[in-house]
Amino acid sequence: MVLIGPEERPSAVDPIVGRDRFGGRNDEWVRSAPEALACVVAELTAEQVVLAEDSTLVRAESEFPTEVRRSALSVGGSTVSGGTEETEKAIAPVRSIWRREYPNLGDMVPPELAILRHDPLWYDSPGANWLALNPALATSLSWIAADDGLFRRLNEDGDVMVETVWWADGLRDHRRGGLHDELGEGWFVVASQSAVAAILGLLPGAARAVTVRRSYVARDEEAAEVATGVEVLRPV
């Protein structure tokens with residue numbers, strides 16, 4: 001039984017750029033991965049600053065052109081170097097847990113890693129690869145777990161400080177449709193403006209490590225290119 005479903009694709013999630021309507025030019029598109037760094041979302045809405053993102057967009061074409069956009073709050077974000085997926089270093093993996101176990105994970109992950117990603121080892125479920133704020137960080141800021149929402153944390157006044165957003169646009173792995181169709185799914189960890197200020201008080205100098213990976217499959221072999229960057233994180 002699925003208890004929670006994804007939201008609609010947020011308007012802040014831009015479509016894949018650099019391709020014409022009917023595809024083609026895959027090599028050129030993959031090599032131009034750095035142009036997609038600007039598509040990694042910084043704000044989901046005016047009141048929701050993005051701390052982390054993991055979005056996958058796929059064109060419904062025979063070669064499956066795919067763009068994966070990732071960001072993660074990183075204490076060492078100002079030292080991001082090119083060539084590797086730096087967001088992976090900024091995220092703590094947790095394996096095969098129930099959502100209700102999330103508030104008790106603080107002692108299981110390094111405190112310097114602000115974002116968690118779930119690795120659904122040995123089971124299959126919709127929405128299994130979720131992202132969330134490290135509960136140890138939330139506890140340090142006296143934010144309590146809410147009874148509703150996804151990994152939502154509230155301050156003493158009941159204001160939402162941080163939460164997770166799960167979205168989907170069609171079935172991401174469904175490979176049939178028109179050449180111009182774009183499918184996608186993703187996760188965001190978002191924070192209020194006041195929450196960002198509080199987090200930066202605990203983690204001065206923190207930034208978003210940003211990664212975009214473009215790939216396609218030709219003759220059963222994958223061609224891919226990764227671009228990395230860093231964004232200053234500050235409340236607006």
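The following dialogue explains how to read several features of a predicted protein model.

Biologist: What kind of model is this, and how are its residues numbered?

Modeller: The model is predicted: local features need pLDDT of at least 70, side-chain atom pairs count only at pLDDT 80 or more, and totals for chains, interfaces and linings use all residues. Residues are numbered from 1 along each chain as its sequence is written, and side-chain values use heavy atoms, with hydrogens and water left out.

Biologist: How many helices and strands does the protein have?

Modeller: Helices (H or I, at least four residues) and strands (E, at least two) are DSSP runs, numbered from the N terminus. Here there are four helices and twelve strands.

Biologist: What share of the residues is buried?

Modeller: Buried means under 20% relative accessible area, exposed means over 50%, and partly exposed lies in between (1.4 Å probe, protein chains only). Of the 236 residues in the protein, 48% are buried. V109, in the loop between β4 (91-95) and β5 (115-119), is buried because its relative accessible area is 7%. S32, in the loop between α1 (26-31) and β1 (43-45), has 21% relative accessibility and therefore counts as partly exposed.

Biologist: Which residues does V109 touch?

Modeller: Contact means heavy atoms within 4.5 Å. Not counting residues up to four places away in sequence, V109 touches A92, V94, L116 and N134. Its C-alpha atom is also 8.5 Å from that of A136, 27 residues apart along the chain. For the protein, among contacts between residues at least 6 apart in sequence, 64% join residues at least 24 apart.

Biologist: Which strands pair with β11?

Modeller: Two strands pair if DSSP finds at least two bridges between them. Strand β3 (residues 66-74) runs antiparallel to β11 and is joined to it by nine bridges; L73 has R208 of β11 as its bridge partner. Strand β12 (residues 221-232) pairs with β11 in the antiparallel sense over twelve bridges, and there V217 is partnered by E222. Two residues lie between the strands in the hairpin of β11 and β12, where R219 takes a positive phi near 50°. Strand β11 (residues 207-218) is mostly covered, with ten of its twelve residues buried.

Biologist: Which residues have the most contacts inside the largest nonpolar core?

Modeller: A nonpolar core is a set of buried Ala, Val, Leu, Ile, Met, Phe, Trp, Tyr and Cys residues joined through side-chain atoms within 4.5 Å. The largest has 40 residues, and L51, I115, L133 and W143 have the most contacts inside it. Helix α4 (residues 193-202) gives this core its largest share, four residues. A second, separate core of 14 residues includes I16, V41, V190 and A218.

Biologist: Where do the buried residues of α4 lie around the helix?

Modeller: The arc is that of the directions from the helix axis to the C-beta atoms. The buried residues of α4 are Q193, A195, V196, I199 and L200. Seen down the axis of α4, they fall within an arc of 155°, so they line one face of the helix. Their cover includes β2 (48-59), β3, α3 (135-140), β9 (160-169) and β10 (182-191).

Biologist: With which side chain does R152 make a polar contact?

Modeller: A polar contact is a pair of N or O atoms within 3.5 Å; within protein, one must be able to donate a hydrogen and the other to accept it, and residues adjacent in sequence count only if both atoms are side-chain atoms. R152, in strand β8 (residues 150-154), makes such a contact with the side chain of D148 through its own side chain, at 3.3 Å.
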